[in-house]
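Welcome! Let us take a walk through this structure together, one stop at a time. Have a look at the sequence and the model first.

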Amino acid sequence: MKPYVILISGRGSNMQALLQARLPGQCVAVISNRPEAAGLAWAADRGVPTRIVDHRRFPAREAFDATLAEEIEGVGGELVLLAGFMRILTPGFVERFAGRLLNIHPSLLPAFPGLNTHEAALAAGVRLHGCTVHFVTSALDSGPIIIQAAVPVLAGDTPDSLAARVLQQEHIIYPQAARAVLDGRCRLESGRVVWDDDATSADLALRVPAQ
Ligand code: GRF
């Protein structure tokens, strides 16, 4: 079973979805850059090893990322799943884990990179919003896309109601994408996402739930 690590900064609901999905791999650590991240206790209660690499104790991003990489490699992590990990990673870190670093972003990328995506979607008046699991590259929120899920924007939506609808889909597509990468059915080759089986990828790659 391939060892993987989950990186969080807060609540950790995507981490929970990943751990509850019984992925074909072993979670060797949940690592947080914030000691107060609520997800740490949830993981520890279930016997998953947890670690803290507090970014505030490092003078620069490079030093933080170097220690984070050492922690990941120290526990034998081969795949790294960013799950609400609120730090921008340096190109050196991204390069070190190229093809082995996944992120979930709460928008249909390339629309609305960065923060406050639900506010931005409402302000733009889009009718479809959603979430994206992608391989991480050094450009923020823009790596090759593995799976997306779309949800409608409904009359009367607030950022919170829209976030809740998107989050439900995050919890479905992140485990699906992580499973496909852990199985080796999906990988990054020459900067593109390659699936072993086109039919599976067509089924999985875009999720539009019935309302
Ligand atoms: C999620 O919306 C995720 O897409 C974004 O940050 C949020 C983290 O939520 N990157 P949680 O910590 O997984 O509950």
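Is Phe112 buried or exposed? With a relative accessible area of 19%, Phe112 is buried, because the limit for that word is under 20%. Please keep in mind during the tour that this is a predicted model.

Let us stay with Phe112 for a moment. You will find it in the loop between strand 5 and helix 5. Its backbone deserves a look, as Phe112 has a positive phi of about 55° although it is not a glycine. To put that in context, most residues other than glycine have a negative phi, and most peptide bonds are trans. The loop between strand 5 (101–105) and helix 5 (117–124) also holds Pro110. The peptide bond that joins Leu109 and Pro110 is cis, with an omega of about 10°.

Asp141 belongs to the loop between strand 6 (128–135) and strand 7 (145–152). Its relative accessible area is 13%, so Asp141 counts as buried, the limit being under 20%.

In general, the strands of a sheet pair through backbone hydrogen bonds, either parallel or antiparallel. Strand 6 and strand 7 run antiparallel and are joined by seven bridges.

What surrounds it? Leaving aside neighbours within four places in sequence, Phe135 is in contact with a list of residues that includes Gly99, Leu101, Leu102, Gly143, Pro144, Ile146, Val181 and Val193. Leu182 makes a handy landmark: it is 47 residues from Phe135 in sequence, while their C-alpha atoms are 13 Å apart in space.

From here we can turn to the helices. Helix 6 (residues 159–183) has 25 residues, and from its first C-alpha to its last it reaches 35 Å, close to the 36 Å expected at 1.5 Å a residue. Gly184 follows helix 6 and has a positive phi, near 80°.

Helix 3 (residues 61–74) can be checked in the same way. Its 14 residues should span 20 Å at 1.5 Å a residue, and its end C-alpha atoms are 19 Å apart, which agrees. Which residues of helix 3 are buried? They are Phe64, Asp65, Leu68, Ala69 and Ile72. Seen down the helix axis, these buried residues fall within an arc of 135°, so they line one face of helix 3. On the other side, Glu62, Glu70 and Gly74 are exposed. The cover over the buried residues of helix 3 includes strand 1 (2–8), strand 2 (25–32), strand 4 (79–82) and helix 4 (91–96). Just after helix 3 comes Gly76, with a positive phi of about 85°.

Our last stop is the aromatic rings. A pair of aromatic rings is described by the distance of the centres and the angle of the planes. This model has two aromatic pairs. Phe58 and Phe64 form an edge-to-face pair, 5.7 Å centre to centre with 70° between the planes. Phe58 is partly exposed, with a relative accessible area of 22%, whereas Phe64 is buried, at 2%. Phe93 and Phe97 form a tilted pair, 4.8 Å centre to centre with 40° between the planes. Phe93 is buried, with a relative accessible area of 3%, and Phe97 is buried too, at 0%.

The ring of Phe64 has the charged end of Arg87 over it, 5.7 Å from the ring centre. Likewise, the charged end of Arg46 sits over the ring of Trp42, 3.8 Å from its centre.

How values were computed. Residues are numbered from 1 along each chain as its sequence is written. This is a predicted model: local features need pLDDT of at least 70, side-chain atom pairs count only at pLDDT 80 or more; totals for chains, interfaces and linings use all residues. Side-chain values use heavy atoms; hydrogens and water are left out. Rings of Phe, Tyr and Trp (its six-membered ring) pair if their centres lie within 6.5 Å; planes under 30 degrees apart count as stacked, over 60 as edge-to-face and the rest as tilted. Buried means under 20% relative accessible area, exposed over 50%, partly exposed in between (1.4 Å probe, protein chains only). A charge sits over a ring if NZ of Lys or CZ of Arg is within 6 Å of the ring centre and within 35 degrees of the ring normal. Helices (H or I, at least four residues) and strands (E, at least two) are DSSP runs, numbered from the N terminus. The expected span of a helix is 1.5 Å times one less than its number of residues. The arc is that of the directions from the helix axis to the C-beta atoms. Contact means heavy atoms within 4.5 Å. Two strands pair if DSSP finds at least two bridges between them.
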